[in-house]
Each structure stands twice: as C-alpha cells, then as structure tokens.
Number of protein chains: 2
Amino acid sequence: MSSKETVVSIGLSAAIVAVESEQPVVLVVAHDGSDDALPFGPFDPAHHRTLESGLRKWVGEQTRFDLGYTEQLYTFGDKGRHTPAGGDKGRQSGGARVVSVGYLALTRRVKEAPETQWRGWYHYFPWEDWRDTRPAMIDSVILPALKKFVKDAPNAEAAELRRERVNVCFGEGWDEERVLERYELLYEAGLVEEFYRDGGKSGAGLGTAMLFDHRRILATAIARLRGKLKYRPVVFELMAPAFTLLELQRAVEALAGLRLHKQNFRRLVAEQGLVEGTGKFSAPARGRPAEMFRFRRGVLRERPAPGLRLGSRRGKTS
Amino acid sequence: MSSKETVVSIGLSAAIVAVESEQPVVLVVAHDGSDDALPFGPFDPAHHRTLESGLRKWVGEQTRFDLGYTEQLYTFGDKGRHTPAGGDKGRQSGGARVVSVGYLALTRRVKEAPETQWRGWYHYFPWEDWRDTRPAMIDSVILPALKKFVKDAPNAEAAELRRERVNVCFGEGWDEERVLERYELLYEAGLVEEFYRDGGKSGAGLGTAMLFDHRRILATAIARLRGKLKYRPVVFELMAPAFTLLELQRAVEALAGLRLHKQNFRRLVAEQGLVEGTGKFSAPARGRPAEMFRFRRGVLRERPAPGLRLGSRRGKTS
DNA sequence: ATATATATACTCTAAATGAGTATTAATTGG
DNA sequence: CCAATTAATACTCATTTAGAGTATATATAT
C-alpha cells in the first residue's frame, strides 16, 4: 500500500546497567539543564541487519563502550505521552513519528565516557529500595496521594479499579517485580514530573525525572532484570570474574531492592551449583577473609532454570 | 538528523489464540498456494496513538473480530532472514524496510471471518505436543539431524556450543517453555523450510511453514503464553464464562503440551482460589456431571502471582 | 445390573522454604 | 598477647509445596 503515511523512524534506547559498591547504576547522558536521558540513537536500516546490531554500533560510538549481555524490552509507540508530541521540539526526527525500542544491557565494565555518567537507579525510583527499611515516602507521600487518586475517580466502578491497583502496587506484600506497574500508577496519579510535562504543564514529582519516556523504559528494565534473576544466572554478567559470596549477595540485594537471609542465600547458591571456589581469598580491611568464587558455566548445561529464587528475606541474622 | 535512510515502516502481526476442543488454535490468513500467515498490517502513525490501538483497528477490519487480552511480544528487524529481503517480492512495503512488532492476543470468541481460518498450532510445531507421548519425530528425525549439525560445526568449540544447545532444547528434562529456542535451533540446523526459503533455495522441513517470520512470532507467542500460565490467570481469557474443572485442565494441557495430574491440578486451583462454583452442572453424554465453575476475579486483589504453576505431570491416574 | 466416565477424598513422601542459634576463623589496634 | 570486629560456616527445626498414588462416590446409558 502507500508508504508516505505509514513511515516512521525508529529510536533505540538502552538501559545499560552495572553494580558499583552495592548500588545498581545506569548509564545516562546528562546534558546541561535538560533531564537525564538513556543513551539512544536512530536505527539505520541501510547499515544494520538487525535492531540489536544497530544498537551495539551507536552505543559503541556514543559511549566508547562494548555491550555484553543485551535483551530487548519493549517497543513504545505512544503519541503525546512520554514521546515528543507534535508541537514539541521533536529534535530527534525529521518530522516522522518516532517509535522507540528499549533494551536492557548488563555490563561489568565501568569505563568513563564523555557526556555520560553512571547514576544509581534509585534516584529515579526511590520507592523501590527496601533494603534498609520500607521507604518512608510510601507512607508519608505516596499512599495519601493515591488515596486521593482513588477518591477522585469519576465513578464508583473506576474507584474500585483504582483501589485494586493501589493495593497490588503498594499494598501489603511487596512484589519487587512490579516496578513498571508502580511507575505507571504514579504517572496516572500525577505523582511524577513526566505526567505534567507530557500534558504541557509543569509540576514537581517523586524521584528524578528523565527525558521522553526513558524512565518508563528504565522501569521496564528493572522489572525485567528483577524477574530474570530468579531463573537465569544474569547477576554474573555484573560481577567481576572472581567475587566473594557476600559480594554476590549484596549485588543481588541491590538489584532486587531487598535484604536476603545470608545462610539461605548461600545454601541456594551452593545447591544450584552456580559457583565454584577459586583457591584465593579476599583481603578485607579487617575481618575474616572470604573465599573468592567464580561463576560455573556448567550450570547452563545441567539445570533448566538456574537462578537465585530469592524469597529468603532476611530475618535477624543478616 | 537526516530522515530518508533512517525511515522504516512498521508491520504489526498478531498471534490470535483460542482453544477449541482441546486444541490450541491460531488465526491464520490462508491464501491460495502461498504459506499461511498471521494476520498483519501496517502501523499508521498518523491515525493511531499507540501501536496497540493500531493493531486493534486493522485486526478488526481484516477479521471483523474484537481482540480481548493482548500483549506485545517482540520487535523483529532482521534483514535477509524471515523478512522479505531486498531481492524478494517485498510486497508489503513501498521499498522501506519493514520492522515487525509481534503481538499475542487471547480470545474465546470464535467467529468466522473471510480469508481466515483457525488452525491448530501444533501443525506448525508438531514436536511441541507431548500430551500423548514424546513425539516420535524427535527421536526418528530431529535428534539424528541435530547430531549431524553438531558434527558439522566448523571447530571443536562451536561443536561444544551446539551440543549444549541441543541438550538444553531436546535433551532430558523437557522444558515446555523453550519453544522459541527450539525453533531457532531447528532453523539454524536447516530443519525447517524457512531456512531454505530465506536463503533463496527451496527444501522441505518439519512442520508447516509460514510466511516471512511468522512462525518465529508464533513460537514466541507460545513460549510467552506457556510461561505466563504459571503466574497469571490468563487461561480464563480462553475459557467460556462457565466451565468444568476438567475442561480447564484440558485447556491448560493443550497450551502447555503436557498432561497434568488431575488431583493435584484441582488441589492447586482450589488453593489458589482461582475459581468459584456456579450451582450448575454439566450435562455430559454419559458419565457423572461435573460442576460448572467461573473465574474468581477476586484473586487478582488477593494473590501476588495467581497462576497454575504446572509441574504435577500426570502419573498413572489421569 | 453393569459398564462407562468422571468427580472427590485422602494419604504419604520428599523437597524446598523461611527463620533461627551457635561456632569458628582471620585481622587490627592496643 | 588480648579484645574487638567482621564475616564465614555449621546445624536445626518447623512449615509449605510438590509429586504420585489408592480408594470411593456419583451419575448416565444400555
């Protein structure tokens, strides 16, 4: 059929994740004044056979940085929300509508790159870090505001739906994987800055805002990664070649935003055969040195779904 | 930047799934002579706010058919594989490269539509149906051919990688979710027709071939659905409003391609509080009537991940 | 009354989970 | 050398969840 109207350009965005001193960090492009952005660039179909090869190419150029593990997340095509709408600056396209494909990439290589910096992902999602305590803002800010959001529903039926969503997202029984659901709810309830920006207004909100729909992509990335931890040995993409079991646990905790029970965590790791000891030991400032381990590639052959089933939240013994 | 080269058109494809007399079926467009295709159409950014609304629109037009539950699967942009390459007929685009976004849609409404028909998905993936027995073709055709595929690897390292993949996909311990991995392996090993077609040659292969990359999209859909069954109550999208527990079990079995243990299945359904009895009973040709149940929407509020964890393969007692 | 086709009730075992307590090992600062 | 510190390790125990059965009960068709 005709092509003029059906033509769009494709933007590729990547949430490039690493873990550094017990914080999950994401690579952002921080321009003067404007919001943080995920590295993104156009897909050039003339020069790339696949979307992923296009991604690797320009991420390499833009950040001088090789991607390791990558995974496609989602393709967003919304107009008017999260994406530069008609009247906006629209600087990423020559007028054509942009559809953005989000990717998750994991790396342990933490090189510097001009114009980019690593930032802890909990800057963007402060309500997602439950490692120390249930974040206070949930009770002080979020729940009251969501209560109002429920009350302001146009009718009783809509209110009931909203109530259900609030309960699933922030009610008892924290499900650490529902990162995207929670962000979407906060968006709709007008609790994040993007909501106002997309509506052409301005207003403050929770956490640090990002450009376009990038915070939504990041939320998708976190959710996906938190889920995948449980049945695929993806953490190891983020670890140094050798690490102590506690370092491994801290990395998992950082990503999941939860504390785990140490003994059970070790039991799990051991039973799954995920790691093998190198003979070496760590040299801590003080305290008993721990054995260094490495990932046992063999599991991939042996186990159908090797991963760290989590659960095992910590009790008293940390 | 410039736009001419970065411009593509977007094709939306949908694997629309239903269950009919214990068979999972998918809606295909079957043209004269050519391969079966998933319903697909272009995304028109001028008229649709989101990709999904575009999908609903033309699926409605093309199949006179309302989609219920939908879920985005994956965005494929490969050139030369699964997609009309440069030299091909390329009839879906006006020259621009096509990127295809695949969707999964579930429905219980089985209306007729011109030019389309419902076909059992195991026509396309005969090796995926383990309900009666382990499909004979695995031992008689697939494994011997894959053995050869391993032997033909360019070097020892590649051979080891191939061996691992073969083992994960078809070795002991069938993981019903690895539908896509298996299809990709068979593709690379030259065991499906698409492999030859994409190479410009012709050759026979296992299962029924589909147009372009549609079989890959369908494989993705099946994998996703099989996974989702376990932690979201998606089966109910495919059931009539009221059903017997055995009907429910048969539907799950059809989708998963496995037999389940009846008593344990019921125990699970009951414990999870997924259904509630209507007072009514089925009227079978013979045999004891079973109570009719309906989906209990309440679980969505109560349980974090309500689903049918499967496992519980059948033993003697079917 | 009998065969057929299910539905239901229970039982039993083995693993997996969740939450501890108790002990041991190594290092640093006095 | 001793005490304080920081972890690593070893075990225990109760509770759930899975997996695989056996045994019965209920309804209909012939």
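What percentage of the 318 residues of chain A count as buried? The share is 38%, and this comes from a predicted model. The views below start with chain A as a whole and then zoom in.

**View 1. Chain A, the big picture.** Chain A is built with 9 helices and 8 strands. Take its contacts with a separation of 6 or more: 69% of them link residues 24 or more positions apart.

**View 2. Ala15(A) in the largest nonpolar core.** This core has 152 residues, and the members that touch the most other members are Ala15(A), Leu218(A), Ala15(B) and Leu218(B). Let's look at Ala15(A). Leaving aside neighbours within four places in sequence, Ala15(A) is in contact with Val26(A), Leu38(A), Gly102(A), Leu104(A), Ile217(A), Leu218(A) and Ala221(A). As background, nonpolar side chains tend to be buried together in soluble globular proteins.

**View 3. Gln62(A) on helix α1.** Gln62(A) sits in α1 of chain A, the helix that spans residues 51-63. Is Gln62(A) buried, exposed or partly exposed? Partly exposed, because 18 other C-beta atoms lie within 10 Å, whereas a buried residue needs 20 or more. If you skip residues up to four places away in sequence, Gln62(A) touches Pro39(A) and Gly41(A). Now find Ile217(A): from Gln62(A) it is 155 residues apart in sequence and 19 Å apart in space, C-alpha to C-alpha.

**View 4. Helices α2 and α3 of chain A, side by side.** Packed helices are described by the angle between their axes and the distance between the axes. Here α2(A) (residues 136-151) and α3(A) (residues 156-170) pack at about 160°, with axes 9 Å apart. That angle makes α2(A) roughly antiparallel to α3(A), since anything over 145 degrees counts that way. The crossing of α2(A) past α3(A) is right-handed. On the α2(A) side you'll find Ile138(A), Ile142(A), Leu143(A), Leu146(A), Phe149(A) and Val150(A), and they meet Ala159(A), Arg162(A), Arg163(A), Val166(A) and Phe170(A) of α3(A). Sorted by class, the residues of this contact are 9 nonpolar, no polar and 2 charged.

**View 5. Helices α4 and α6 of chain A.** How do the axes of α4(A) (residues 179-188) and α6(A) (residues 214-228) cross? They come within 7 Å and cross at roughly 150°, so α4(A) and α6(A) are roughly antiparallel to each other. From α4(A), the contact uses Val179(A), Leu180(A) and Tyr183(A); from α6(A), it uses Arg215(A), Arg216(A), Ala219(A), Thr220(A), Ile222(A), Ala223(A) and Arg226(A). The class count for this contact is 6 nonpolar, 1 polar and 3 charged residues.

**View 6. Helix α4 of chain B and its cover.** Which residues of α4(B) (179-188) are buried? They are Val179(B), Arg182(B), Tyr183(B), Leu185(B), Leu186(B) and Tyr187(B). Their cover includes α3 (156-170), α5 (193-198) and α6 (214-228) of chain B. After α4(B) comes Gly190(B), with a positive phi near 75°.

**View 7. The loop between β1 and β2 of chain B.** Ser21(B), between β1 (7-20) and β2 (23-29), has a positive phi near 40°. Glu22(B), also found in the loop between β1 and β2, has a positive phi near 60°. Ser21(B) counts as exposed because 8 C-beta neighbours are inside 10 Å. Glu22(B) is exposed with 12 other C-beta atoms within 10 Å.

Note on methods
Residues are numbered from 1 along each chain as its sequence is written. Chains are lettered from A and ligands numbered from 1 in the order in which they are written. This is a predicted model: local features need pLDDT of at least 70, side-chain atom pairs count only at pLDDT 80 or more; totals for chains, interfaces and linings use all residues. Helices (H or I, at least four residues) and strands (E, at least two) are DSSP runs, numbered from the N terminus. Two residues are in contact if their C-beta atoms, placed from the backbone, lie within 7 Å. A nonpolar core is a set of buried Ala, Val, Leu, Ile, Met, Phe, Trp, Tyr and Cys residues joined through C-beta atoms within 7 Å. Axes are lines fitted to C-alpha atoms, for helices over the stretch in contact, and angles run from 0 to 180 degrees between N-to-C directions. Angles under 35 degrees count as roughly parallel, over 145 as roughly antiparallel, 65 to 115 as roughly perpendicular and the rest as oblique. Ala, Val, Leu, Ile, Met, Phe, Trp, Tyr, Cys and Pro count as nonpolar, Asp, Glu, Lys and Arg as charged, and the others, Gly among them, as polar. A crossing is left-handed if the near helix is turned anticlockwise from the far one by less than a right angle, and right-handed if clockwise.
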